[in-house]
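The following note collects numbered remarks on the structure shown below. Please read each point with the coordinates at hand.

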Amino acid sequence: MKRKVIVLIGVMLVAVIAITVFMKRMGGSSVGIDNNPESEVKGDSNVLVAYFSWSGNGQQMAKWISEETGGELFRIVPSEAYGEDFDSCADRAKNELDNGIRPELSEHIDAGIMAQYDVIYLGFPVWWYDLPMPVWTFLEEYDLSGKTVIPFFSHNGSSNGANSVNRVAELADGATVLTDNVLSLRGSNVADSEKEVKDWTKNFNK
């Protein structure tokens with residue numbers, strides 16, 4: 001009986017460690033939010049705040065940046081939602097990255113409106129040490145030549161963004177990507193980081 005208890009405890013510890021590893025690689029909460037888009041952008045500002053968010057961290061950061069810059073919000077929304085379950089989301093994200101699968105997006109920006117933006121703040125979580133594949137789809141859809149792209153992201157261990165920021169620079173062909181001035185926040189700290197986010201944003205408003 002005692003041996004069975006020890007084995008059971010061992011199995012539970014392995015499960016906890018596995019979940020922790022997934023969390024660190026994915027950089028988000030354990031429960032997903034909705035898959036709803038923002039209001040349609042109209043090109044009323046020269047600043048766009050585009051973001052992909054599963055846990056809600058990127059969404060919160062994007063809203064603070066929009067408040068500080070007056071930029072229009074655009075949520076990168078996959079046609080097929082990742083759902084609320086963390087494990088399923090992690091498995092799908094890994095499969096997409098490993099196989100170069102670009103998920104179809106349900107929301108798009110008219111090319112004429114996109115042309116009006118000079119600055120694009122681009123938000124995302126670090127997933128599997130890289131950029132989530134819906135953001136690949138977004139970056140490859142538009143001509144960003146001559147624009148300035150400023151990345152911001154949440155993480156759960158990859159504070160330098162792992163390969164995600166370099167990936168943005170690679171995919172945003174023709175744009176100036178400010179790889180040395182990114183905003184990096186641990187997912188668990190986002191809720192209390194309004195001042196930090198807005199102070200970071202002010203650096204680009206000077």
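1. Overall make-up. The chain has seven helices and six strands, where helices (H or I, at least four residues) and strands (E, at least two) are DSSP runs numbered from the N terminus. From the N terminus on, these elements run α-β-α-β-α-α-β-α-β-α-β-β-α. Of the 206 residues of the chain, 47% count as buried; buried means under 20% relative accessible area, exposed over 50% and partly exposed in between (1.4 Å probe, protein chains only).

2. Basis of the values. This is a predicted model, in which local features need pLDDT of at least 70 and side-chain atom pairs count only at pLDDT 80 or more, while totals for chains, interfaces and linings use all residues. Residues are numbered from 1 along each chain as its sequence is written, and side-chain values use heavy atoms, with hydrogens and water left out.

3. Strand β3 and its partners. Two strands are taken to pair if DSSP finds at least two bridges between them. Strand β1 (residues 47–51) pairs with β3 in the parallel sense over five bridges, and β3 pairs with strand β4 (residues 148–155), also in the parallel sense, over seven bridges. Ile120 of β3 takes part on both sides: Leu48 stands opposite Ile120, and the bridge partner of Ile120 in β4 is Val149. Further along, Gly123 has Phe152 of β4 as its bridge partner.

4. Burial of the strands. How many of the seven residues of β3 are buried? Six of them are, and strand β3 (residues 119–125) is thus described as mostly covered. In β4, seven of the eight residues are buried, so this strand is largely enclosed by the rest of the structure. As background, the side chains in a regular strand alternate between the two faces of the sheet.

5. Salt bridges. A salt bridge here is a side-chain nitrogen of Lys or Arg within 4 Å of a carboxyl oxygen of Asp or Glu. By this rule the count comes to 12 salt bridges. In general, side chains of opposite charge can pair when their charged atoms come close.

6. A link between distant parts of the chain. The side chains of Glu38 and Lys63 meet in a salt bridge (3.3 Å, N to O). This pair joins distant parts of the chain, with Glu38 in the loop between α1 (2–26) and β1 and Lys63 in helix α2 (residues 57–69), 25 residues apart. Glu38 is partly exposed at a relative accessible area of 21%, and Lys63 also counts as partly exposed, at 31%.

7. Lys198 and Glu194 form a salt bridge (3.0 Å, N to O); both lie in helix α7 (residues 194–202), four residues apart, about one turn of the helix. Lys198 counts as buried at 17% relative accessibility, whereas Glu194 is partly exposed at 34%. The side chains of Lys195 and Asp199 meet in a salt bridge as well (2.6 Å, N to O), and these two residues of helix α7 are likewise four residues apart. Lys195 is exposed, with a relative accessible area of 61%, and Asp199 is partly exposed at 32%. Salt bridges that share partners join Glu67, Glu194 and Lys198 into one network.

8. Backbone points to inspect. Most residues other than glycine have a negative phi. Which value does phi of Tyr129 take? The angle is near 65 degrees, a positive value in a residue other than glycine; Tyr129 lies in the loop between β3 and α5 (133–141) and is partly exposed at 41% relative accessibility. Phi of Ala162 is also positive, near 50 degrees. Ala162 is placed in the loop between β4 and α6 (164–171) and counts as partly exposed at 29%.

9. A buried proline. Pro78 is found in the loop between β2 (72–75) and α3. Is Pro78 buried or exposed? Pro78 is buried, with a relative accessible area of 1%. The C-alpha atoms of Pro78 and Met133 are separated by 9.6 Å, and the two residues are 55 residues apart along the chain.
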